[in-house]
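The sequence and the model come first.

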Amino acid sequence: MNMVPVTSSNLLSVGYDSQSNRLVIQFRDGTYEYSNVPSNIYQGLLSASSKGNYHHQHIKNSFPYRKIR
């Protein structure tokens, strides 16, 4: 999976697999994988002016996740 660096105080990079709808977010304190994430949510994260705020409002408690690193 290609990880894309992002400008954020808490997020370092994000990656998305459109085949499996998996979103991976590397935070400063660990890396998490989110399941069943539609591509529009990933695109919204990339274009959000505040990546952390977008994550909190649209991803964090909306999709199953697990810490992978």
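Buried means under 20% relative accessible area, exposed over 50%, and partly exposed in between, with a 1.4 Å probe and protein chains only. The model is predicted: local features need pLDDT of at least 70, side-chain atom pairs count only at pLDDT 80 or more, and totals for chains, interfaces and linings use all residues. Residues are numbered from 1 along each chain as its sequence is written, and side-chain values use heavy atoms, with hydrogens and water left out.

**Overall fold**

The protein chain has two helices and five strands, arranged along the sequence as β-β-β-β-α-α-β. Helices (H or I, at least four residues) and strands (E, at least two) are DSSP runs, numbered from the N terminus. Whole-chain values are as follows.

| Property of the protein chain | Value |
|---|---|
| Span of the C-alpha trace along its principal axes | about 30 × 25 × 25 Å |
| Accessible surface (Shrake-Rupley method, 1.4 Å probe) | about 4200 Å² |
| Radius of gyration (over C-alpha atoms) | 11 Å |

The radius of gyration agrees with the value near 11 Å for a compact globule of 69 residues; the globule rule is 2.2 Å times the number of residues to the power 0.38. Of the 69 residues, 39% count as buried. Carbon and sulfur atoms account for 43% of the accessible surface.

In helix α2 (residues 51-58), the buried residues are K51, Y54 and H55. They lie on the same side of α2, because they cover an arc of only 100 degrees around the axis; the arc is that of the directions from the helix axis to the C-beta atoms. On the other side of α2, H56 and Q57 are exposed. The buried residues of α2 pack against β2 (11-17), β3 (22-27), β4 (30-34) and α1 (39-47).

The largest nonpolar core has 17 residues, and those with the most contacts inside it are L23, I25, Y34, L45 and I59. Each of β2, β3, β4 and α1 supplies at least two residues of this core. A nonpolar core is a set of buried Ala, Val, Leu, Ile, Met, Phe, Trp, Tyr and Cys residues joined through side-chain atoms within 4.5 Å.

**Strand β5**

Y65 is found in strand β5 (residues 65-67) and is partly exposed, with a relative accessible area of 46%. Y65 touches Y32, E33, Y34 and K60, not counting residues up to four places away in sequence. Y65 and E33 are 32 residues apart in sequence and 5.4 Å apart in space, C-alpha to C-alpha.

How values were computed. Contact means heavy atoms within 4.5 Å.
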